[in-house]
Amino acid sequence: MRQIFLDTETTGLYPDQGHRIIEIAAVEIFNRRPTQRHFHIYINPEREIDPGAQEVHGISLEFLQDKPLFASIAEEFIEFIRGAELIIHNAPFDVGFLNMELARLNLDKLESYISGIIDTLKMAKELRPGQRNNLDALCRHYGIDNSQRTLHGALLDAELLAEVYIAMTRGQESLLMDLSSPVEHVSQTSLTVDLSMIKLVTADKEELVAHQQYVEGLTKSGASPW
């Protein structure tokens, strides 16, 4: 299965207030193994960045001035993710921003290009109810080194998310049988028994009478063995 771990950074929190995407990262794995393929790009948002957002990701508008517009990278991005399953931490946030950017270009919604979306924040809340489930907390819980994550960055976060997801779902693949694989049959060993070596012992008359009296007693007490 082809899966894409996706993260974005933005100028602020609300796409409906005109905030824009400034960084996209998408990291590919296939059958739970990294392919070393990724899509990563910075984008000129053509607007100011909220101070609070800049404190989180450290990306300045000055740095973005010579970067491409979303319109010029949209098709390349769509082709990279096409047909894959997207895995995103807090998916409604990133999907909301991506759909806003696509709508500006009169393009279809993100969901029309992919096979599905998994929200790892929702998964984590189900696995760890009542606990902190941000990416840093999950890295600590699963023993994943996030020491380089001094600021939020889309590429590093997507790579860490891939490791977190593999840890969260480890063992699930063993629950399914690969029906396409040949089934191994256990060889049967024939057992030959020499009947002459078996001694048949039968009950005598007194033993049969005693057994019958025992069964009748059980029946009268309501504890019949049958």
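1. Eight helices and five strands form the secondary structure of the protein chain in this predicted model. Read from the N terminus, the elements follow the order β-β-β-α-α-α-β-α-β-α-α-α-α.

2. Of the 226 residues in the protein chain, 38% are buried. When contacts are taken between residues at least 6 apart in sequence, 66% of them join residues at least 24 apart.

3. Helix α4 covers residues 91-104 and holds 14 residues. From its first C-alpha to its last, α4 reaches 20 Å, which is close to the 20 Å expected at 1.5 Å a residue. Just after α4, Asn106 adopts a positive phi of about 60°.

4. The buried residues of α4 are Ala91, Asp94, Val95, Phe97, Leu98, Asn99, Met100, Glu101 and Leu102. The elements that cover them include the strands β1 (2-10), β2 (21-30), β4 (85-88) and β5 (116-119), together with helix α3 (70-81).

5. A further point concerns the pairing of helix α5 (residues 120-127) with helix α7 (residues 154-168), whose axes come within 11 Å and cross at roughly 40°. The crossing of α5 past α7 is left-handed.

6. Which residues make the contact of α5 and α7? From α5, the contact is made by Thr120, Met123, Ala124 and Leu127, and from α7 by Leu161, Tyr165 and Met168. By class, six residues in this contact are nonpolar and one is polar, while no charged residues take part.

Conventions
Residues numbered from 1 in each chain as written. Predicted model: local features only at pLDDT ≥ 70, side-chain atom pairs only at ≥ 80, totals over all residues. Heavy atoms only, no water. Axes fitted to C-alpha atoms, helices over the stretch in contact; angles between N-to-C directions. Helix = DSSP H or I, 4+ residues; strand = E, 2+ residues; numbered from the N terminus. Left-handed = near helix turned anticlockwise from the far one by under 90°. Contact = heavy atoms within 4.5 Å. Nonpolar A, V, L, I, M, F, W, Y, C, P; charged D, E, K, R; others polar. Expected span 1.5 Å × (residues − 1). Buried < 20%, exposed > 50% of the residue type's maximum accessible area, 1.4 Å probe, protein only.
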